[in-house]
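Subject: Handover of a structure for your review

Dear colleague,

Please find below the structure that I am handing over to you.

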Amino acid sequence: MSVPNNATPAGTIHYRDRFPGAAEGHFRERQRLWLSSIGIGTYLGDADARIDQAYTDAVVRAVELGANVIDTAANYRFQRSERSIGSALSVLTGTKGFSRAELFICTKGGYLPFDGAPPRDVRAYVEETFVKPGIAGFEDIVGSHCMTPRYLQHQLDQSLINMNLSCVDLYYIHNPESQLGQVSDDEFYSRLRAAFAQLEENRAQGKLKFYGVATWNGFRVPRASAGYHSLSRMVSLAGEVGGDAHGFRFIQLPFNLAMPEALTMANQAVEGQSLTLLEAAELLGVTVISSASIFQGRVARGLSENIRETLGSLPTDAQTAIQFVRSAPGITTALVGMSSREHVEENLQLARVPPVAAEQFMQLFSPA
C-alpha cells in the first residue's frame, strides 16, 4: 500500500486522537479532514539562518502540541519560510513519528518571490528568473503580482521543491485583488478562471488537493468597492472548470478583534440573499481560515475587561485575541504567526480550552 503524500481523513483522525486532553471544539471536521482550531503561520521575521531554525523548531513544537494546520507562501521571507517548513516536516516524519497524512500544509502563489534575499537589481532578477525563461511576461505582471497559468505552475512546482513535498494540501492564489486596480472585473475573473483551470489540472495530477484564494481586502470591503471579491462568482468559476467536485473549498482572510468584517458586513450575494462572508461560505461549502488572528500583536494587548471576561478570562491578551477568532461561528482555523517555542507553548495552551459558545461570543456585538 502506498504511503499517503497528503492529509487524509484517517490520518487527521489519528492526529486528533493523539490529544485526548484537547478540548471539545479544538479539532473541527471540514472537507472530511480534522483540522486544528489554531494553525501556525510563517510570515514575519528576518531572512537569516537564525529565523530559519526558529521557524523549523516552532513548526515542530506546534505539531507536537496539537496544531496540524501549517501555513506559508512562496514570498514569505524570500522562500525561506517554505524551506523551514520542509526542514520541520523532515523532523516530524522522521524522529518525531508523525505521518504526512496527519498534517495539513498550505501555501500560496501570486507575488513574485525573491530567492533567499532581495536582489540588487529587482527588474534584472525578474527578467532573468521569469521573463527570459517564458514563465511570465512583463505584461502579465501587475505591480509585483502574477497569476497566469504558467506562472502559477512554476510557483507550485517550486513550493513543492522548497518543502520537499509531492503534494500540497491547499494552494491559494495570493491576494488576487492586487490586480483589480489595473484590470476590469471581467478581465480579472477571466484570469481567475484560467488560474482555477490550471489548479484543477494539478489536482488531477496529484500535486494539490484543494485550492482557494488568500486575500487581504477582497472579502472585507463593500460590494461596490473596486477591490471587492464575490465568493459566489468564484465558486461558479470553479464549477465551470472542475464540475461539482471542484477543488475550490477554502478561502483565507484577516479576521480579528479589529477586523471583524467577515462576521459583521453583509457584502455577499448568494441565491438572492444578502449575507456576510461567513454565512455565504457556509452556504457554498467553502471553509474559512483566518489570517492575522492577533494582527501582528496589535490586538494582543490592552484588551478591555468586557472582552476578556466574555472570552473566558484567559491568562494573556494574546490568548484572548486568538480565542475570539477560533470562537467565531464559521471560522475553522485561526492562524497565528509563531517563530518561537515560547509563543507556541503559550498559544497552544488553548488546545485544552473550549471555544466560547456562540451565544456568549455574540454578546460582544450586542449593544451595551
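This is a predicted model: local features need pLDDT of at least 70, side-chain atom pairs count only at pLDDT 80 or more; totals for chains, interfaces and linings use all residues.

Which residue in β12 does Gly41 stand opposite? Gly41 faces Gly337 of that strand.

The barrel

Eight strands close into a barrel, in the order β3-β4-β5-β6-β7-β8-β11-β12, and their pairing is parallel. From one strand to the next, the twist averages 30 degrees.

Strand β3 and its partners

Strand β3 spans residues 38–41 and is covered on both faces. Ile38 and Ile40 are buried on one side, while Gly39 and Gly41 are buried on the other. Strand β12, residues 331–337, pairs with β3 in the parallel sense over four bridges. Strand β4, residues 69–71, also pairs with β3 in the parallel sense, here over two bridges. Within β4, Ile70 is the bridge partner of Ile40. Together with helix α2, residues 49–64, the strands β3 and β4 make a right-handed β-α-β unit.

Strand β6 and its partners

Strand β6 (residues 168–174) pairs with strand β7 (residues 208–214) in the parallel sense, over six bridges. In β7, Leu208 is the bridge partner of Val168, and Tyr211 is that of Tyr171. Helix α6, residues 185–205, packs on the sheet and touches β6, β7 and β8 (248–254). The direction of α6 makes about 160 degrees with that of β7. A right-handed β-α-β unit is made by β6, α6 and β7.

Strand β5, residues 104–109, runs parallel to β6 and is joined to it by four bridges. Gly109 has Ile173 as its bridge partner in β6. Seven of the seven residues of β6 are buried, so this strand is largely enclosed by the rest of the structure.

Helix α11

Helix α11 comprises residues 317–327 and packs on the sheet, where it touches β3, β11 (287–291) and β12. Its direction makes about 155 degrees with that of β12. Because 11 of the 11 residues of α11 are buried, the helix is largely enclosed by the rest of the structure. Among these buried residues are Asp317, Gln319, Phe324 and Arg326.

Ser340 is placed in the loop between β12 and α12 (341–347). Is Ser340 buried or exposed? Its relative accessible area is 18%, and the cut-off for a buried residue is under 20%, so Ser340 counts as buried. A polar atom of the Ser340 side chain lies 3.1 Å from the backbone nitrogen of His343.

The cysteines

How many disulfides does the structure hold? The number is zero. For Cys167, the closest cysteine sulfur is that of Cys106, at 12 Å. A disulfide requires the two sulfur atoms to be within 2.5 Å, so the sulfur of Cys167 is too far away for a bond. Cys167 is buried, with a relative accessible area of 0%. Cys146 also counts as buried, at 0% relative accessibility.

Yours sincerely

Terms used: Residues are numbered from 1 along each chain as its sequence is written. Side-chain values use heavy atoms; hydrogens and water are left out. Buried means under 20% relative accessible area, exposed over 50%, partly exposed in between (1.4 Å probe, protein chains only). Two strands pair if DSSP finds at least two bridges between them. A crossover is right-handed if, with the strands pointing away from the viewer, the path from the first strand over the helix to the second runs clockwise. Axes are lines fitted to C-alpha atoms, for helices over the stretch in contact, and angles run from 0 to 180 degrees between N-to-C directions. Contact means heavy atoms within 4.5 Å. A polar contact is a pair of N or O atoms within 3.5 Å; within protein, one must be able to donate a hydrogen and the other to accept it, and residues adjacent in sequence count only if both atoms are side-chain atoms.
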